[in-house]
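Reader: I would like to learn how to read strands and sheets. Please take me through some cases.

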Amino acid sequence: MRGKRLPGIIIALSTVLALTGCGEKFPDLTEEQYNQTVEYAVGLLMKYSNNGQAKITYVDAKEEQDQRDREARKKEREEKKKAEEEKNQQQTYTPPVASDTEEPDAFDSTDDIDDGEEMVAETSSEDASTGSDNEEPASSGSGSESAGYDPSAITLSSEDSQEIMPDIFLSYQGYSISSTYPESSKSYVVNADKGKKLLVLRFDLYNASSSTKEVNMINLKLLFQIKLNGKNLGYSSVTFLPNDLASYIGSIESKAHESLVVLTQINEKDTSNIQNLGLIVTQDGKEQKINLK
């Protein structure tokens with residue numbers, strides 16, 4: 001068993017080493033390498049965090065889903081047997097509903113969705129006023145008629161937010177295009193490959209409570225796939241950026257927000273034709289489609 005895991009560990013270590021240093025090339029990972037690198041990165045982050053004694057194990061989405069399906073089939077058989085027994089006894093009352101319910105996914109809430117809302121890819125006012133020399137202006141979308149708009153997906157925007165944990169709300173603040181991110185840094189940076197650009201999706205985490213909140217996004221075990229004009233670009237990159245949405249750990253004061261990002265790489269020729277953007281968020285094997293407005 002250890003021999004079988006050795007190639008995977010070598011790939012993960014090689015990928016992480018490729019990400020370290022200043023100005024390395026943008027990582028090009030398969031889904032398997034992505035998952036292995038996330039598991040290794042999580043271990044490093046937890047090792048040097050305040051709660052370093054905690055251990056987080058990456059959950060295989062397919063295995064987790066199979067387990068849920070088995071439990072659902074077992075529960076269905078039990079309920080069917082119980083119903084037959086009650087029918088045979090000619091009982092007239094309805095059995096009470098079980099009190100144990102499954103915790104809803106972080107992105108299942110649809111309270112903030114307006115039917116027929118138009119999808120537009122646009123930068124936030126902050127991005128427009130603070131762009132760097134490497135950054136190119138983001139183009140506007142053409143509305144709900146744009147290719148790739150999914151009317152069944154939930155919407156995230158600066159006005160439409162989703163509660164991903166108690167009193168913590170996530171909103172989308174726009175995107176930017178650059179050759180390097182962060183645009184100015186003395187330590188870790190990510191550089192786009194030749195002929196490509198970095199697509200930086202910007203988000204806000206807002207603490208609506210009356211006290212400081214400790215936030216650990218790793219515990220949510222979220223995976224992000226990015227959609228550009230309806231085309232799935234694959235999983236977002238694994239980075240060690242302190243403001244990476246997938247791996248952010250920190251404290252957010254009451255009524256304050258934290259600015260976070262999700263990165264991917266796109267062809268340079270596609271930067272002038274961004275009509276709409278979206279996400280596919282996977283949590284515990286379940287997918288949620290999101291339109292970014």
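Reader: Which residue in S7 does Tyr-175 stand opposite?

Author: Leu-201 stands opposite Tyr-175. This is a predicted model, in which local features need pLDDT of at least 70, side-chain atom pairs count only at pLDDT 80 or more, and totals for chains, interfaces and linings use all residues. Residues are numbered from 1 along each chain as its sequence is written, and side-chain values use heavy atoms, with hydrogens and water left out.

Reader: What makes two strands a pair?

Author: Strands are DSSP runs of E, at least two residues, numbered from the N terminus. Two of them pair if DSSP finds at least two bridges between them. Here strand S4 (residues 168–178) runs antiparallel to S7, joined by ten bridges. S7 is also joined to strand S12 (residues 257–267) by eleven bridges, again antiparallel. Within S12, Leu-260 is the bridge partner of Phe-203.

Reader: Why is strand S7 described as largely enclosed by the rest of the structure?

Author: Buried means under 20% relative accessible area, exposed over 50%, partly exposed in between (1.4 Å probe, protein chains only). Strand S7 (residues 196–207) is largely enclosed because ten of its twelve residues are buried.

Reader: In what order do the five strands of the open sheet lie?

Author: The order is S2-S14-S13-S9-S10, with mixed pairing. Strand S2 (154–156) and strand S10 (231–235) are the edges, each pairing on one side only.

Reader: How many bridges pair S9 with S10?

Author: Three bridges pair strand S9 (residues 222–228) with S10 in the antiparallel sense. Gln-225 stands opposite Tyr-235 in S10.

Methods: Helices (H or I, at least four residues) and strands (E, at least two) are DSSP runs, numbered from the N terminus.
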